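This report looks at side-chain packing and pairing in one protein chain. The sequence and structure come first.

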Amino acid sequence: MNPPAHLRPDPLERPEPRRSMAVCGVIGAAVMAAVDEIVFHQILGWHHFYDRSTSRVGLLSDGLLHTGELLALVAGFFLYADLRRRGTLAPAHAWAGLFLGLGAFQLFDGIVDHKLLRLHQVRYGVDVAPYDWAWNLAGVALLLTGLLLTRRAARLGRAGQTT
């Protein structure tokens with residue numbers, strides 16, 4: 001049984017590489033925020049998003065981070081579903097965007113939040129240097145993966161392929 005005409009992809013629509021990359025970049029950043037918040041804030045209890053005040057303020061800041069991450073994730077998946085519904089998703093660009101978002105969030109958190117703004121550290125009561133190196137190198141690895149996937153997606157796009 002075929003879906004109604006308004007739910008079928010338009011055969012004249014073309015893949016949207018930039019939009020696919022941007023939408024999945026938002027999803028990637030939200031996923032990394034969720035991993036950080038769940039693993040390091042809740043399970044390990046190493047830090048809160050904002051640690052320069054009371055525990056109560058730290059918990060409030062975690063709640064605000066969680067809210068923002070969930071809103072970005074829901075918005076990202078609605079936009080992703082729209083790309084799929086219209087048949088304009090460019091999968092190779094989407095994967096590149098996902099890894100760029102993962103790495104960008106990780107590096108932003110490690111450099112801006114940890115070092116420049118000093119909102120929190122990865123962990124307290126220990127030498128933070130190994131944690132900072134691991135945190136930022138993980139972000140660099142994710143970002144480099146995204147850049148390599150971006151190059152691959154561009155090559156595929158020039159060759160007329162969308163996957």
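**Aromatic pairs**

Phe40 and Trp135 are both buried; buried means under 20% relative accessible area, exposed over 50%, and partly exposed in between (1.4 Å probe, protein chains only). The two rings have their centres 4.8 Å apart and their planes at 65°, so the pair is edge-to-face. Phe40 sits in helix α1 and Trp135 in helix α4, 95 residues apart, and the pair links these distant parts of the chain. Helices are DSSP runs (H or I, at least four residues), numbered from the N terminus.

The model is predicted: local features need pLDDT of at least 70, side-chain atom pairs count only at pLDDT 80 or more, and totals for chains, interfaces and linings use all residues. Residues are numbered from 1 along each chain as its sequence is written, and side-chain values use heavy atoms, with hydrogens and water left out.

Trp46 and Tyr131 form an edge-to-face aromatic pair, with 5.4 Å centre to centre and 85° between the planes. Trp46 lies in the loop between α1 and α2, and Tyr131 in helix α4, so this pair ties together parts 85 residues apart in sequence. Trp46 is partly exposed at 22% relative accessibility. Tyr131 is partly exposed at 24%. Phe40, Trp46, Tyr131 and Trp135 form one aromatic cluster. The whole structure has three aromatic pairs. Rings of Phe, Tyr and Trp (its six-membered ring) pair if their centres lie within 6.5 Å; planes under 30 degrees apart count as stacked, over 60 as edge-to-face and the rest as tilted.

**Salt bridges**

Five salt bridges occur in the structure. Each is a side-chain nitrogen of Lys or Arg within 4 Å of a carboxyl oxygen of Asp or Glu.

| Salt bridge | N to O distance |
|---|---|
| Arg86 and Glu16 | 2.9 Å |
| Arg85 and Asp82 | 2.7 Å |
| Asp82 and Arg86 | 3.1 Å |

Arg86 is in helix α2 and Glu16 in the segment before α1, 70 residues apart, so to speak distant parts of the chain that the pair links. Arg86 is buried, at 17% relative accessible area. Glu16 is partly exposed at 23% relative accessibility. Arg85 and Asp82 both lie in helix α2, three residues apart, about one turn of the helix. Arg85 is partly exposed at 39% relative accessibility. Asp82 and Arg86 are both buried.

**Nonpolar core**

The largest nonpolar core has 14 residues, and those with the most contacts inside it are Ile27, Met32, Leu98 and Leu102. Such a core is a set of buried Ala, Val, Leu, Ile, Met, Phe, Trp, Tyr and Cys residues joined through side-chain atoms within 4.5 Å. Helices α1 (17-43), α2 (55-86) and α3 (91-116) each give two or more residues to this core. The largest share, six residues, comes from α1. Leu98 touches Cys24, Gly25, Ile27 and Gly28, not counting residues up to four places away in sequence; contact means heavy atoms within 4.5 Å.

**Gln121**

Gln121 lies in the loop between α3 and α4 (129-158). Gln121 counts as buried at 11% relative accessibility. Not counting residues up to four places away in sequence, Gln121 touches His47, His114, Lys115, Val128 and Asp132.
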